[in-house]
Amino acid sequence: MRTAAAILTQTGKPLEIVELEIPKLCQGQVLIKVKYSGICGTQIMEINGLKGEDKWLPHCLGHEAVGEVVECGPSVTKVTVGDRVVLSWLKGSGIDASGTKYQWGTREVNAGPVTTFQQISVISENRLSKIQTGKFSPIQVFLGCAALTGMGAVKHVLRASSGDSLIIFGAGGVGLSALMMARDIGLKPIIMVDTSSERLGWAAKLGATILVNPKVESLSSVLNSHSIISVDHVVDATGSGLVIENMLDYVKSKSGQSVVISNIPDGQNIKISPSHFNMGKSILGTWGGNSNPDFDIDIYDKIINKNASILSELTKSKYQLKEINQAIRDMALRTVPRPIIAME
């Protein structure tokens, strides 16, 4: 069996669309027919060589998708043929199977335990979670990465409570997911900061109460105009070292918390004044929002469904696999809200 796939052969170059030979499934592996795949900013950094030396070229890419189980390898018990599933880079229950080597002519192509820029993919059992509601929808792609990371950051890392105040830097998929969770919990105000007026418009539709475009006005002046001195929590989803360096300026002394979700280029460092820590402020990290796919995906799916009409508009830009390089360019340039690769 063969599959079309978009693979990285050289950093800084467009992906190549090739035909790969699918190997026999090993223990704990599952064959998935991918329906929709998302594109995460992490993949764009990887393609551009911003995550450091890439020792696995050529290799497959992608870590957030929805699809259908078409075959189960030995010892797989979590899913069965015909199940609709979310594909995610976060580990859940099940066998932690090794990566895969596909054949491309005379060359081998590496793949980790989950890759999604292809029509058919070999996935580790523990990177799959069943979808319990409805039929396939592009908005379910959020469940593979953005929702797990953004919603989890608010729910599990910050442990935010109703009535807490929040600033979110970055209104991409992860930032908007953090916003949806914050609104569901009952945080107020929810302040969204982004340099894109279009993205701020989406944030408003999803429940942000104060919008700030730093190209137009400073965050500090907006906070002052609303008599806000500081907030309980800050989320960074920008990938900007400057934002991370300054995010503690906005949280409360003695109790304020911030969480860094985004990735900044390999080798780039940040400076933070120790005085923030002397004032009892905290800066936290997270691994995928500290989410557990086995428990959290159903919760996050319900929140996504509450916002289905808005998210459907957000994900209406769909591309075929052969158009994936254009989708990547459009996402990097922020000309589309959230590109979706439709495999059929």
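This is a predicted model: local features need pLDDT of at least 70, side-chain atom pairs count only at pLDDT 80 or more; totals for chains, interfaces and linings use all residues.
Which residues does Pro293 touch, not counting residues up to four places away in sequence?

Figure 1. Residues are numbered from 1 along each chain as its sequence is written, and side-chain values use heavy atoms, with hydrogens and water left out. Pro293 is found in helix 8; helices (H or I, at least four residues) and strands (E, at least two) are DSSP runs, numbered from the N terminus. Leaving aside residues up to four places away in sequence, Pro293 touches Leu90, Lys91, Gly92, Ser129 and Leu148, where contact means heavy atoms within 4.5 Å. Pro293 is buried, at 3% relative accessibility. Here, buried means under 20% relative accessible area, exposed means over 50%, and partly exposed is in between (1.4 Å probe, protein chains only). If you look for Gly239, 54 residues away from Pro293 along the chain, you will find the two C-alpha atoms separated by 24 Å.

**Figure 2. Helix 2 crossing helix 8.** Let us stay with helix 8 and bring in a partner. The axes of helix 2 (residues 146-157) and helix 8 come within 10 Å and cross at roughly 95°. Axes are lines fitted to C-alpha atoms, for helices over the stretch in contact, and angles run from 0 to 180 degrees between N-to-C directions. Helix 2 is therefore roughly perpendicular to helix 8; that label covers 65 to 115 degrees, whereas under 35 counts as roughly parallel, over 145 as roughly antiparallel, and the rest as oblique. On the helix 2 side, look for Ala147, Leu148, Met151, Gly152, Lys155 and His156, which meet Pro293, Asp296, Ile297, Tyr300, Ile303 and Ile304 in helix 8. Sorted by class, this contact has eight nonpolar, two polar and two charged residues. Ala, Val, Leu, Ile, Met, Phe, Trp, Tyr, Cys and Pro count as nonpolar, Asp, Glu, Lys and Arg as charged, and the others, Gly among them, as polar.

**Figure 3. Helix 3 against helix 8.** Helix 3 (residues 173-185) packs with helix 8 (residues 293-306) at an angle of about 90°, and their axes are 10 Å apart. These two helices are therefore roughly perpendicular to each other. Met180, Met181 and Asp184 in helix 3 meet Tyr300, Ile303 and Lys306 in helix 8. The residues of this contact are four nonpolar, no polar and two charged.

**Figure 4. Two aromatic pairs.** The structure holds two aromatic pairs. Rings of Phe, Tyr and Trp (its six-membered ring) pair if their centres lie within 6.5 Å; planes under 30 degrees apart count as stacked, over 60 as edge-to-face and the rest as tilted. Trp89 and Trp287 make an edge-to-face pair, 5.1 Å centre to centre with 85° between the planes. These two residues are 198 residues apart, with Trp89 in the loop between strand 6 (84-88) and strand 7 (100-104), and Trp287 in the loop between strand 16 (282-285) and helix 8. Trp89 is partly exposed at 21% relative accessible area, and Trp287 is exposed at 63%. Phe169 and Tyr250 form a tilted pair, 6.1 Å centre to centre with 50° between the planes. Phe169 is buried at 8% relative accessible area, and Tyr250 is buried at 16%.

**Figure 5. Cysteines without a disulfide.** The structure holds zero disulfides, a disulfide being a pair of cysteine sulfur atoms within 2.5 Å. For Cys26, the nearest cysteine sulfur is that of Cys72, 14 Å away. For Cys40, the nearest is that of Cys145, 4.0 Å away. Cys40 is buried, with a relative accessible area of 9%.

**Figure 6. Helix 10 and its cover.** Ile324, Asn325, Ala327, Ile328, Asp330 and Met331 are buried in helix 10 (residues 324-332). Their cover includes strand 1 (2-8), strand 2 (16-21), helix 1 (41-47), helix 4 (197-205), strand 17 (318-319) and strand 18 (340-342). Just after helix 10, Arg334 takes a positive phi of about 60°.
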